[in-house]
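Hi everyone, thanks for coming.

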Amino acid sequence: MKTVIKNVLLGSVAGLAMVGTAAAADLPVKAKAAEYVKICSTYGAGFYYIPGTDTCLKVGGYVTADTYWTDVDNEARYGGVRIGRYDPDGQFDFTTRAAIQLDARTQTEYGTLRSYIEARFEAGESYGYGQNEDGTSGGFDDVGGSDAYLKYAYIQFAGFTFGRAQSQFDFWAGDFWYGIRPGNFYSDTTTQLVSYTADFGNGFSATISLEDGYARDGDFGGSYFLPDFTLDSGQQVPDVVANIAYEGTWGAFKLSGAYHDIGDASWFGAPIYGADSSGWAALAGVRFDFAETTTLYVEGAYADGAPGYLGLKGTIPTLDFFGNTIAGWYVGGALQHYWTPSVFTSVVGSYTQSDSFSIAPDVSGEFTGYNVGANIGWIPVKGLTLVLQYDYLSAEYKGTDAFFLPPVGYSEETTQNRITFSAKRSF
């Protein structure tokens, strides 16, 4: 009897255990806490903490869609007689650019650690006068296709900047020109650099920068107006750039200087003994901000043996026939006024001129150019900007052939009328 009762009790306990296990299987299991994205307000709107880190990230970008109508006229004269002309009808072309921007920042005991990236992707035609994106050539272009490139990629830490960024020489850099292909004849270069900026407080700062000289190298040959040199040595000394700058409530100013190493050049394989081996450049610019509705830029620059600092890389040579450096200058600027918070107009332009340089023992030349434009813009909704712009350009090589008596003058002038419609959506 005791055995029977014992077996019944053990069976009951086992049955209850099985029922409890089955019931427990039906109960919900507590989920692991989710890591939600949190807003980071330290650096302004649009930043979020990367989950699990103390780094704030902003993801952005833009799409620009441009339509151009361009009419060009090129005419060459020798001794007052036209010897050639290129005057096609006006031409439409289209270009689209998409850009992705990433901005990551972290607070450290040395200040903000920042990394910034902008990658660009482009497709469409390119027709008219202008310099390509990396500044390696100037003049006329009539090509199509797609392109992908890294515009910016740099690290900033404790006053240092490492990577691909805007040259520390530049200031105005074509502000208020709109469109993927803006105006000409000013300094606007993105390059590889290592720089240090000292902040003195009250808006004053100073910067010293070592920059990739290839971004500013001039042309050494190509046409009747450009002596046919060959650069024999690569970059042995990077460009040294320094500036003093101020940023305040009324505006800003900047004074910049640069040393540019030219290297050794040869003429049809024969070294040019005694040729200048270095160049330099200087810039002064000021910006005035009036009543939060009007901004005015005025800038001037001079360079000797460094045409890239004038926006003339590939337009004028670095050395003349005898190996002497060629100097030039430009003045430029822009004025923009907001009539309402969503409607603005701008006028913008620049003028440049080189000194006379020797093309041959009895032949000299010089370059002059200017580009002026005006635009009207509308911001119908936040993040969308629509601009209609007109600009006129003149680029002229002229000089004297003293081999004949009396000397004979010659010239080659290009003029361009262009209308741009640009739509840009930023996010």
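**A serine, a pocket and a disulfide**

Let's start with Ser 195, which sits in strand S8, the stretch covering residues 190-201. Before I go on, please keep in mind that this is a predicted model.

So, is Ser 195 buried or exposed? Ser 195 is buried, because its relative accessible area is 1%, and the cut-off for buried is under 20%. What does the side chain of Ser 195 pair up with? There is a polar contact of 3.4 Å between the side chains of Ser 195 and Gln 168. If we skip the neighbours within four places in sequence, the contacts of Ser 195 are Gly 159, Phe 160, Thr 161, Gln 168, Thr 207, Ile 208 and Ser 209.

Hold on to Gln 168, as we'll meet that residue again. Another serine, Ser 256, touches Gln 168 too, along with Phe 169, Ala 242, Asn 243, Ala 281, Ala 282 and Leu 283, again not counting residues up to four places away in sequence. You'll find Ser 256 in strand S12, residues 251-261. With 8% relative accessibility, Ser 256 counts as buried. The side chain of Ser 256 also reaches a piece of backbone: the oxygen of Phe 169, at 3.0 Å.

Now for some empty space. Rolling a probe the size of a water molecule over the atoms shows where such space is left. Here I'd like to show you the second largest pocket, which holds about 330 Å³.

As for where they come from, strand S6 (140-157) and strand S7 (160-166) each give at least two. The largest share, 3 residues, belongs to S7.

Next, the cysteines. How many disulfides does a search of the whole structure find? The search turns up 1, and the partners are Cys 40 and Cys 56, with sulfur atoms 2.1 Å apart. Cys 40 is in the loop between helix H1 (2-26) and strand S1 (48-49), while Cys 56 is in strand S2 (residues 56-78), so the bond ties together parts 16 residues apart in sequence. The torsion about the S-S bond is about 80°, and that's why we call this disulfide right-handed. Both ends are tucked away: Cys 40 is buried at 1% relative accessible area, and Cys 56 is buried at 2%.

One quick stop at Ala 119, in strand S5 (residues 111-129). Ala 119 and Ala 98 are 21 residues apart along the chain, and their C-alpha atoms are separated by 8.4 Å. Leaving out neighbours within four places in sequence, Ala 119 is in contact with Ala 98, Ala 99, Ile 100 and Tyr 149.

Finally, let's zoom out. The chain has 1 helix and 22 strands. Of its 427 residues, 41% count as buried. And if you take the contacts between residues at least 6 apart in sequence, 61% join residues at least 24 apart.

Terms used:
Residues numbered from 1 in each chain as written. Predicted model: local features only at pLDDT ≥ 70, side-chain atom pairs only at ≥ 80, totals over all residues. Heavy atoms only, no water. Disulfide = S-S within 2.5 Å. Helix = DSSP H or I, 4+ residues; strand = E, 2+ residues; numbered from the N terminus. Buried < 20%, exposed > 50% of the residue type's maximum accessible area, 1.4 Å probe, protein only. 1 Å grid on protein atoms, 1.4 Å probe; cavity = no way out; pocket = protein on both sides within 12 Å on 5 of 7 lines; lining within 4 Å. Points joined across faces, edges and corners; volume = space filled by probe spheres on them. Polar contact = N/O pair within 3.5 Å; in protein donor to acceptor, adjacent residues only side chain to side chain. Contact = heavy atoms within 4.5 Å.
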